[in-house]
Amino acid sequence: MRTDSARTGCVGGRVPVRASRVCGANATLVFALALSCLLPHAAAAATLLGMRSWPAPASSRVVFDFSDPVTYAGPDSGSSPSLTLALPGEHLALGPGVPVLLGVRDSVVDSVRVTFDDAGTRLEIAFSDTTTFRVFTLAAEEDKPFRIVVDVSRPGAEAAEEKRLAAIAAAKRAARVRLVAVDAGHGGEDTGARGPHGVLEKNVTLGVAKALVAELNRIPGIQGVLTRRGDYFVPLRERYHIAERMKADLFVSVHCNSSRRRGSGNGTEVFFLSLHGASDQADADLANLENAADLVGGVPARADDDLVNILYDVKRAAALEKSQLLAESLLDHLATDHRLESRGVKQAGFAVLKSVEFPSVLVETAFINNPAEAKLLRSANFQLQLGRQIATGVASYFERPGIILPGSSGDSTGKSGR
Ligand SMILES: [Zn+2]
C-alpha cells in the first residue's frame, strides 16, 4: 500500500500555515483559500460514504468514510461510556446504503448513530461500558477516501492477552516444543496490496498463515501460533512483540508482492532484515511499501531508535545469521513449485523483522498484481500448498546442525520432542 504524505489542503481540520511573505492579489487568494478551509464545504456538503467496525481481541475500531475532508469537534482521546464527534456547519449527505444507525454490539462498541440539527451533523458512538478511546483522521490515498477513525479499548483485554501469551509460553516450556510465530501480513483497514477480481493481500496472507499453522502443528515437536487471528489491524511492532511475549523461537511473516516498479512481476522471494539498506532500489521500495502498513492503520510515526541502540548487539548478529539460514531453507522448499520462479533470498529494512529474540523472515509468496499468480494466490488449494511448503522449510531449518534454540540449555538441539 502507498501512503501519500504530500497531500495538501485542510486534511484533519488543520489549515497549513506558511511563514512566507504574501502581498497584493496573492494575499487575497491565500486568504480566500484559508477561509475555504476554515469554513469547510459550505457550498457542497461532504458525503458520508460508509461506516464500519473492525472488532479485534484487544479493541474495536470504528471507521467513517467521507467524500471530502471534514473537521470534527470532540476529544482526541479519553475514557467514557460514549463519544460524540460534532461536525459543525457540516450537513452531511448519506451515501447509498449508509444507515443513520449502525448496531455493532461486539461487546466493546454498542452502536453508532448519525444525527442532524441546525448546527450540523453529530456522530454518536455508544460503548458497551466505560472505556478508553482514541480518535484520529486518515488522509485520502489511492483507493481510500478521507476517514475519521475511533479506536476503542476492550476493558480487561490487555490483561487477558498477557495471560493468554504467558500460557502459550508456559505450555511450550512444558512440552519442549519449538514455537513458530506465524504473522499474516496486514488486516482490517490495512488491506495490503490488491489484485485482479478484488483479491486482497490481507485475506491471502491470513489463508496461508492458517494453513501454515495447521501444517506446523502436524509436525511432532513444532507448534505454530498466529499473531493475527482475524480481519483486524495489528501495528508492525506489536506483531513481533506478541511473538516475544509467547517466547517464540521463529517468526515468519507472510505477504504478497506487488511492487509497481516491477510491473506485473512474478515469483517468490524470502527476506531477512538488513541493517544497511536494501540490496537494490526495488527491494527498498518493497520494504517501504510494507512498512507503510502502520501509516495506513493510523500508528503515529516515531523515531526508529531501536535499530541504533542494538546495532552491535551480539543477539542481533546471531539472530541475523539464523534468519538467513531460515530464509534459505524456506525458499528451497517454496522453489519446488515450478509455477513460481525463485527470486532468491534478499535483505531489506522491514520493520516487522526487527526483534533480536528470534530469527525472523518475511515471505513474499507471489505477485498479487500478476493475473496468473493472483489466480493461484486466491485458491484455497494453493494457500494450503504454500503452508505445507513453508512448514517443511521450517522443519528442515530445525534439523540443520548448529541450530540452538534461544533460552535452551543446550540439550534440545535438534531432537527434543521430535
Ligand atoms: Zn504486504
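**Reading a strand**

Analyst: Start with line-up and partners. This is a predicted model.

User: How many bridges join β9 to β10, and do the strands run parallel or antiparallel?

Analyst: Five bridges join β9 to β10 (residues 222–226), and the two run parallel.

User: Which residue in β11 does Asp 183 stand opposite?

Analyst: Asp 183 faces Ser 253 there. Strand β11 (residues 250–257) is also parallel to β9, with five bridges between them.

User: Why is β9 described as largely enclosed?

Analyst: Count neighbours. A residue is buried if 20 or more other C-beta atoms lie within 10 Å of its own. Seven of the seven residues of β9 (residues 178–184) are buried, so the rest of the structure largely encloses this strand.

User: Which residues lie on each side of β9?

Analyst: In a regular strand, side chains alternate between the two faces of the sheet. In β9, one side carries Arg 178, Val 180, Val 182 and Ala 184. The other carries Leu 179, Ala 181 and Asp 183. Both faces are covered.

User: What percentage of the whole chain counts as buried?

Analyst: Of its 418 residues, 40% are buried. The chain has ten helices and 14 strands. Among contacts with a separation of 6 or more, 75% join residues 24 or more positions apart.

Methods. Residues numbered from 1 in each chain as written. Predicted model: local features only at pLDDT ≥ 70, side-chain atom pairs only at ≥ 80, totals over all residues. Helix = DSSP H or I, 4+ residues; strand = E, 2+ residues; numbered from the N terminus. Buried ≥ 20, exposed ≤ 12 C-beta atoms within 10 Å, placed from the backbone. Contact = placed C-beta atoms within 7 Å. Pairing = 2+ DSSP bridges.
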